[in-house]
Amino acid sequence: MSFGNYLDNYPTYNQHPSNVRMHLLGIPTIIVGIVLLGTRVWLAGIALIGIGAILLEVGHRIEGNRPALTTNPIYILAAPLWWWMEVKKCFR
């Protein structure tokens, strides 16, 4: 399967509006946390990654499904692109 197929399939894991909101908050929180890991405030980075992961887990519990990442690790790359496409929808 091509990466485009994974990107097209990712939204099927995140359909409930509350899950989408949790992902819209959680994904950038994790990304900022990853960036901070390489700085003097790496401890804050770890905290942000944890907070973001909790937000995503809560979203999937609301949705009633498992995260896409559990089926294939490539979804870790699809998530930020999905996030960007969702944010762009808000500004149309």
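Modeller: A residue counts as buried under 20% relative accessible area, as exposed over 50%, and as partly exposed in between (1.4 Å probe, protein chains only). By that rule Arg61 is exposed, because its relative accessibility is 67%. What you see above is a predicted model, in which local features need pLDDT of at least 70 and side-chain atom pairs count only at pLDDT 80 or more, while totals for chains, interfaces and linings use all residues. Residues are numbered from 1 along each chain as its sequence is written, and side-chain values use heavy atoms, with hydrogens and water left out.

Biologist: With which residue does Arg61 form a salt bridge?

Modeller: A salt bridge is a side-chain nitrogen of Lys or Arg within 4 Å of a carboxyl oxygen of Asp or Glu. Arg61 has Glu57 as its partner, and their closest N and O atoms are 2.9 Å apart. Both residues belong to helix H3, where they are four residues apart, about one turn of the helix; here a helix is a DSSP run (H or I, at least four residues; strands are E, at least two), numbered from the N terminus. Glu57 is partly exposed, because its relative accessible area is 35%.

Biologist: How many salt bridges does the structure hold?

Modeller: There are two salt bridges, and the side chains of Lys89 and Glu86 also meet in one, at 2.9 Å from N to O. Lys89 and Glu86 are three residues apart in helix H4, so about one helical turn separates them. Lys89 is partly exposed at 48% relative accessibility, whereas Glu86 is buried, with a relative accessible area of 15%.

Biologist: At roughly what angle do the axes of H2 and H3 cross?

Modeller: Axes are lines fitted to C-alpha atoms, for helices over the stretch in contact, and the angles run from 0 to 180 degrees between N-to-C directions. The axes of H2 and H3 come within 7 Å and cross at roughly 160°. That makes H2 roughly antiparallel to H3, because angles over 145 degrees count as roughly antiparallel, under 35 as roughly parallel, 65 to 115 as roughly perpendicular and the rest as oblique. The crossing of H2 and H3 is left-handed, meaning that the near helix is turned anticlockwise from the far one by less than a right angle, whereas clockwise would be right-handed.

Biologist: How do H2 and H4 lie to each other?

Modeller: The axes of H2 (residues 17-36) and H4 come within 10 Å and cross at roughly 125°, and the two helices are therefore oblique to each other. H2 passes H4 in a left-handed crossing.

Biologist: Which residues make the nonpolar surface patch?

Modeller: Patches join residues with over 30% relative accessible area and no salt bridge, like charges within 9 Å and nonpolar side chains (Val, Leu, Ile, Met, Phe, Trp, Tyr) within 5 Å. Phe3, Leu69, Ile76, Leu77 and Leu81 make a nonpolar patch of about 450 Å², with the area coming from the Shrake-Rupley method. Helix H4 (residues 75-90) gives the largest share, three residues. Leu69 sits in the loop between helix H3 (42-63) and H4, and Leu69 is partly exposed at 44% relative accessibility.

Biologist: Where is Gly64 found?

Modeller: Gly64 lies in the loop between H3 and H4, and Gly64 is exposed, with a relative accessible area of 64%. Although Gly64 and His16 are 48 residues apart in sequence, their C-alpha atoms are 9.2 Å apart in space.

Notes: Areas by Shrake-Rupley, 256 points an atom, 1.4 Å probe, with all protein chains shown as cover.
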